[in-house]
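Open the model in your viewer and keep the selection tool ready.

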Amino acid sequence: MQLCAVIEDLYMFNEAGDLPARIRAAAAAGLKKVEFHMWNQVDLDAVAAALQETGVQLKSITVGPRVGCVDRSKTDFIVEALERTIVACRRLGATDMVIAGGPALKDASAAEQHDAMVHNLKHLAPVAAAAGMRLLLEPLNTRVDHPGFFMASAIEGLDIVEAVNHPAVRLLYDAYHAAVMGEDHRQILQRAHLIGYVQVADTNGRHEPGTGSIAWATWLADLKAAGYTGDIGLEYRPSNGTLASLQRTREVFGIAGAAA
């Protein structure tokens with residue numbers, strides 16, 4: 001497992017400056033992978049240059065302009081957004097694209113929105129697959145960070161991925177969001193084969209691992225036992241500077257700096 005820094009605003013390496021500067025700072029800290037959210041709001045030429053200069057790999061970006069997938073009437077719009085994001089991925093060397101449910105619809109039931117997500121992702125999956133890329137479906141907690149959003153449960157996310165039944169669609173399992181929602185980590189890992197990527201932050205402020213209530217040693221042992229061998233995304237807000245938080249994370253996960 002390699003650590004991957006989320007360098008979006010409010011997260012890691014913000015002290016360094018703009019996105020290209022954050023990429024260089026991540027490389028200097030021994031990280032080989034980064035990710036950020038909104039590709040359509042940054043200077044892609046400058047980002048591409050920083051990635052090439054440092055040899056850092058871009059893990060993922062968010063489908064943008066940012067779209068949810070709970071509205072069956074917007075399938076064509078969502079597919080177009082995906083196609084534009086694929087172009088950006090090719091330019092920057094990313095192969096994964098993140099998508100969430102989005103704001104819940106007031107005039108549709110939970111079952112209708114669930115079915116709409118399955119419908120839309122079935123249309124998106126072959127487009128991503130044809131480009132050699134993956135879609136990562138991310139549940140977002142509604143208790144703290146995303147009130148009013150649809151699909152706050154990793155279990156429901158797994159149900160949707162299972163219903164789509166396409167290798168180009170996998171779950172993004174965010175330990176922080178799941179913990180905030182009170183979900184059972186081991187129940188989620190019963191379908192680890194549907195998990196494409198994992199992100200971490202601790203409870204009590206969304207800071208680095210070791211600052212909250214998640215039992216990381218047990219959590220990580222369960223993750224490995226379930227067969228997950230992918231990267232670990234660090235989507236947290238450093239409590240006391242990025243480098244100090246990174247050192248703490250490496251210690252909590254037992255990862256040497258040179259291997260991270």
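Buried here means under 20% relative accessible area, exposed means over 50%, and partly exposed is in between (1.4 Å probe, protein chains only). The model is predicted: local features need pLDDT of at least 70, side-chain atom pairs count only at pLDDT 80 or more, and totals for chains, interfaces and linings use all residues. Residues are numbered from 1 along each chain as its sequence is written, and side-chain values use heavy atoms, with hydrogens and water left out.

Select Trp216 first. Trp216 is buried, at a relative accessible area of 5%.

Now display the rings. Rings of Phe, Tyr and Trp (its six-membered ring) pair if their centres lie within 6.5 Å; planes under 30 degrees apart count as stacked, over 60 as edge-to-face and the rest as tilted. By this rule there are four aromatic pairs. In one of them, Trp216 and Trp219 have ring centres 5.0 Å apart and planes at 70°, so the pair is edge-to-face.

Next, select Phe253, which is buried, as is Trp216. The ring centres of Trp216 and Phe253 are 5.6 Å apart with the planes at 70°, so this pair is edge-to-face. Trp216 lies in helix H8 and Phe253 in helix H9 (residues 242-253), so the pair ties together parts 37 residues apart in sequence.

Definitions and conventions. Helices (H or I, at least four residues) and strands (E, at least two) are DSSP runs, numbered from the N terminus.
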